[in-house]
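Here is a short report for someone meeting this structure for the first time. Please look over the chain before reading on.

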Amino acid sequence: MHVDATPTEAGTILKAMLAVAAAGPAVTDADRASVVAAARYIFKLDVAGDLAGLMPPKPDELAALAANPDLATEATRFATVMAFVDGTLDNAKLNAVLRLAAALKVETDFVHDIAEVAQGRLRDATAHMIRANLESITGNPWTTDDDAMGFFLPYKGANADPALAARFRALAELPEESFGHTFAVFYLSQKYAFPGEEQALNFKFATPHDSSHILAGYDTTPRGELLVSTFTAAMHRNEAMSGHVLPVLFSWHLGIALNEVAGAAKGALDPQEFWHAWARGERMKVDLFGASWDFWAATREPIESVRARVGVTP
């Protein structure tokens with residue numbers, strides 16, 4: 001879902017993004033690259049690389065954004081990303097996000113997560129991110145993060161499903177140009193267990209997530225994982241920030257592991273490609289995490305036909 005903004009509204013959002021970055025010790029090259037990329041990919045605007053002329057937003061400019069709740073929430077999402085571009089937890093930046101959210105009258109789960117982190121309750125915030133991720137994937141409320149591994153790794157022991165695994169392995173026999181063949185080869189090349197095998201990820205997560213990797217062209221490095229989750233957040237939108245963007249920023253850019261499946265690394269945020277991935281996700285015609293995505297039906301189609309049908313842009 002794309003939230004339309006006029007050039008004036010877009011300018012206010014870019015100012016707010018820069019203001020969050022400026023709340024830290026210094027505005028960095030990565031901060032500037034992030035604002036320039038958001039302007040280019042999200043708003044179709046060209047701004048100077050040095051961001052000359054982007055002064056902090058005025059109260060009347062923020063009030064104009066606040067009058068449009070969807071746009072105000074989007075502005076807060078974008079500004080939240082800016083708090084983490086440099087790969088650190090900086091309370092000055094987190095509090096700048098909270099002040100912006102208050103000015104825009106935005107009260108959502110991801111703002112509460114930022115408040116928890118700013119107040120030193122990191123574990124509470126990351127536990128909510130895990131629950132939000134599960135809610136986004138399953139479409140159902142999730143009250144605890146303790147059983148997350150049970151969802152992600154459901155085929156252990158007696159729960160193995162050899163028939164399902166065999167169905168996946170058979171995809172390798174499809175024509176080379178097919179999406180199914182590409183999917184199977186991707187799994188074999190990565191040495192991933194197919195859904196149904198004991199060490200495999202849940203079909204409900206693995207197929208849309210890895211379909212996103214394959215169709216959008218993002219690899220499985222920390223950088224690629226961060227980009228595919230950003231693409232997913234803009235495409236799926238259900239718990240976009242708490243369930244997708246914040247978890248991967250924490251896991252792959254801040255180096256804070258949320259669970260044993262996700263892993264962790266530092267410095268994986270590509271400031272330009274992050275916003276490109278966001279824009280690509282917004283343009284999707286089919287939500288690969290939604291009910292309209294029929295994985296098995298797509299496996300027999302040429303992969304380029306699938307890309308065109310679901311709306312993956314180059």
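## Overall form

This is a predicted model. The chain has 16 helices and 0 strands. Along its principal axes, the C-alpha trace spans about 60 × 40 × 30 Å.

How does the radius of gyration compare with that of a compact globule? A compact globule of 314 residues would have a value near 20 Å, and the chain has 20 Å, so the two agree. Contacts tell of the fold as well. Among those between residues at least 6 apart in sequence, 68% join residues at least 24 apart.

## Surface and charge

Of the 314 residues, 55% count as buried. The accessible surface comes to about 13,400 Å². Carbon and sulfur atoms account for 53% of that surface.

The chain carries 26 positive and 39 negative charges.

## The nonpolar core

In soluble globular proteins, nonpolar side chains tend to be buried together. Here, the largest nonpolar core holds 109 residues. Which members touch the most other members? They are Phe 179, Trp 275, Trp 278 and Trp 293.

Take Trp 278 as an example. Leaving out residues up to four places away in sequence, Trp 278 touches Ile 42, Glu 74, Arg 77, Phe 78, Val 81, Thr 230, Ala 234, Arg 237, Met 241 and Val 245. Glu 74, Arg 77 and Arg 237 are among these partners.

Most residues other than glycine have a negative phi. Two residues of this chain can be set against that rule. Lys 44 has a positive phi of about 60 degrees, although Lys 44 is not a glycine. Glu 239, also not a glycine, has a positive phi near 55 degrees.

Where do they sit? Lys 44 is in the loop between helix H2 (29-41) and helix H3 (59-66). Glu 239 is in the loop between helix H12 (222-236) and helix H13 (240-253). Is each one buried or exposed? Lys 44 has a relative accessible area of 58%, so Lys 44 is exposed. Glu 239 is at 19%, so Glu 239 counts as buried. The cut-off for buried is under 20%.

## Buried residues in helices

His 128 lies in helix H7 (residues 122-138). With a relative accessible area of 16%, His 128 is buried. What does His 128 contact beyond its neighbours within four places in sequence? The partners are Asp 109, Asp 113 and Ser 242.

Ser 251 is in helix H13. At 2% relative accessibility, Ser 251 counts as buried. Gly 267 is 16 residues away along the chain from Ser 251. The C-alpha atoms of this pair are separated by 9.9 Å.

## A buried loop residue

Thr 299 is found in the loop between helix H15 (295-298) and helix H16 (303-310). Its relative accessibility is 2%, so Thr 299 counts as buried.

Which residues does Thr 299 touch, not counting those up to four places away in sequence? They are Leu 171, Leu 174, Ser 178, Phe 179 and Gly 180. Phe 179 is also one of the core members named above. Thr 182 is 117 residues from Thr 299 in sequence. In space, the two are 8.7 Å apart, C-alpha to C-alpha.

Asp 4 lies in the segment before helix H1 (7-22). At 60% relative accessibility, Asp 4 counts as exposed. The cut-off for exposed is over 50%.

Methods:
Residues are numbered from 1 along each chain as its sequence is written. This is a predicted model: local features need pLDDT of at least 70, side-chain atom pairs count only at pLDDT 80 or more; totals for chains, interfaces and linings use all residues. Side-chain values use heavy atoms; hydrogens and water are left out. A nonpolar core is a set of buried Ala, Val, Leu, Ile, Met, Phe, Trp, Tyr and Cys residues joined through side-chain atoms within 4.5 Å. Buried means under 20% relative accessible area, exposed over 50%, partly exposed in between (1.4 Å probe, protein chains only). Contact means heavy atoms within 4.5 Å. Helices (H or I, at least four residues) and strands (E, at least two) are DSSP runs, numbered from the N terminus. The radius of gyration is taken over C-alpha atoms; the globule rule is 2.2 Å times the number of residues to the power 0.38. Accessible areas come from the Shrake-Rupley method with a 1.4 Å probe; for residues, only the protein chains shown count as cover. Lys and Arg count as positive and Asp and Glu as negative; His and the chain ends are not counted. The place of a charge is taken as NZ of Lys, CZ of Arg, CG of Asp or CD of Glu.
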